[in-house]
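Hi,

Here is the model I promised to pass on. Please have a look, and my notes follow below.

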Amino acid sequence: MEANAPAAVIVLAAGAGTRMKSAKPKILHEIGGKSMVGHALAAAAELNPQRLVAVVRHERDRVVEHLLNIHPDLSIADQDEIPGTGRAVQVGLEALDADASGTVVVTYGDVPLLTGEQLGQLVATHEADGNAVTVLTARLDDPTGYGRIVRNDDGSVAGIVEHKDATEAQRALTEVNSGIYAFDADVLRTALQSVTTDNAQGEMYLTDVLSIAREAGGRVAAVVTQDRWQVEGANDRVQLAALGKELNRRTLTQWMRAGVTIVDPESTWIDVEVALSNDVTIKPGTQLHGATAIGTDAVIGPDTTLTNVHVGQGATVKRSDVTDSTIGAGASVGPFAYVRPGTELGPEAKIGAFYETKNAKIGRGAKLSHLGYSGDSEIGEFTNIGCGNITANYDGENKHRTVIGSHVRTASNTVFVAPVTVGDGAYTGAGAVVRKNVPAGALALSVAPQRNSEGWTQAKRPDSDSARAAAAAQTHDS
């Protein structure tokens, strides 16, 4: 049973979320690399609605900027001073054409595990049965605090009773209201005109629409989800963490079933937009964030964080932090490398232990193996950069570039004072400070004669252990 594209999906995103105790609006808090409202909009968009509307209020400008970055075609509706979900939906309807008809879905910006598939099932049932209202429900082992679904003998919904207003018999019911609905647009529009704020909270309750629709002869029904996580919201950071853990579990399960080896799921975190190929191996303590994509047979981890990184086939990255970079096929990174934005590591190349790179283009087969820094640089194919090499790219005001050719061999502790170019096949001597361009095939040296000051230790540190050791050695040599 497939659903038709609804007339609209209205996402309620106006709440302050005070229990988060955060300067950031609740719906902007993230799990799986995406804001809660980002997850909600993605699920809503899967229905291909004619209009997608978000109702906003708290931190309005900040929220709208975020929403439009996610979905530029989104319609924005501003909730006014009248409180309540009924009023929020009413202003959402005002963003539609006055004669809009068909199905209107109402969902929330803080139910991040709700899927487009579940919404599609709700709409399909709503339309197939000709309902006026269809509510998504769940059955909970502990329904305390939730509104209970009261059904008629024919299975239709007789009403929704809030926990505080329920009788003992009603509190024994385990089917609860998710607050997610499919409405007939005309029924919804008409019913909301009759909803008032004449209640203890002084709010327009969306749930009042159900009784109004039923009294007008419409059928009110429910669709029960078997996955209670899909209707769970996050009101505080404890609930946010629980949702994040469950989303991560589902993400890892999906990838393992797709042919990815995850050695320790308990210590592995993968964002929802990460792309993995089959036969990738993820070792313990690994975090994969953003738009990271990893090729077949690559091995990532242990203790590695990748953010927006493209990793080629058969590459390895271990105990390293890599951001906004590309790692070529068969290349290796780590352990303990810090690979900063703009790094392009070529195929079969290497960034080794305790190396930092930034805005560096490193050619095929090149090796930067030990204890160095390469920033604003270009390094050619099959070049070997010695231990302790540094590109001195910053003069205090501006950054400058170092270009090192192919098949170059640099000795330990070479410093390249940018801007400088080293030609193909050149060498440097140990401790060289390269301030001038080096021609292809040349050897660059910074050599000063070594001078030994005999007897310096005994003269300058006469009471030290070093002086006594030197004296003993001199006696032994004599």
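**Annotated sites and a helix pair**

Setting aside neighbours within four places in sequence, histidine 370 is in contact (heavy atoms within 4.5 Å) with Ala353, Tyr355, Gly386, Cys387 and Gly388. This is a predicted model, where local features need pLDDT of at least 70, side-chain atom pairs count only at pLDDT 80 or more, and totals for chains, interfaces and linings use all residues. Residues are numbered from 1 along each chain as its sequence is written, and side-chain values use heavy atoms, with hydrogens and water left out.

UniProt, in an unreviewed entry, places the feature "active site" at His370; such annotations may be inferred rather than shown by experiment. Histidine 370 sits in strand 26 (residues 367–379), strands being DSSP runs of E with at least two residues and helices runs of H or I with at least four, numbered from the N terminus. With a relative accessible area of 39%, histidine 370 is partly exposed (buried is under 20%, exposed over 50%, partly exposed in between; 1.4 Å probe, protein chains only).

For "binding site", UniProt (unreviewed entry) lists Asp110 and Asn235. They span 126 residues in sequence, yet no two of their C-alpha atoms are more than 8.1 Å apart, so they gather at one spot. Aspartate 110 is buried at 13% relative accessible area, whereas asparagine 235 is partly exposed at 26%. Beyond four places in sequence, asparagine 235 touches Arg19, Met20, Lys26 and Asp110.

Lastly, the contact between helix 3 (residues 85–94) and helix 6 (residues 185–192) involves Gly86, Val89, Gln90 and Leu93 of helix 3 and Leu188, Arg189 and Leu192 of helix 6.

Best wishes

Definitions and conventions:
Axes fitted to C-alpha atoms, helices over the stretch in contact; angles between N-to-C directions.
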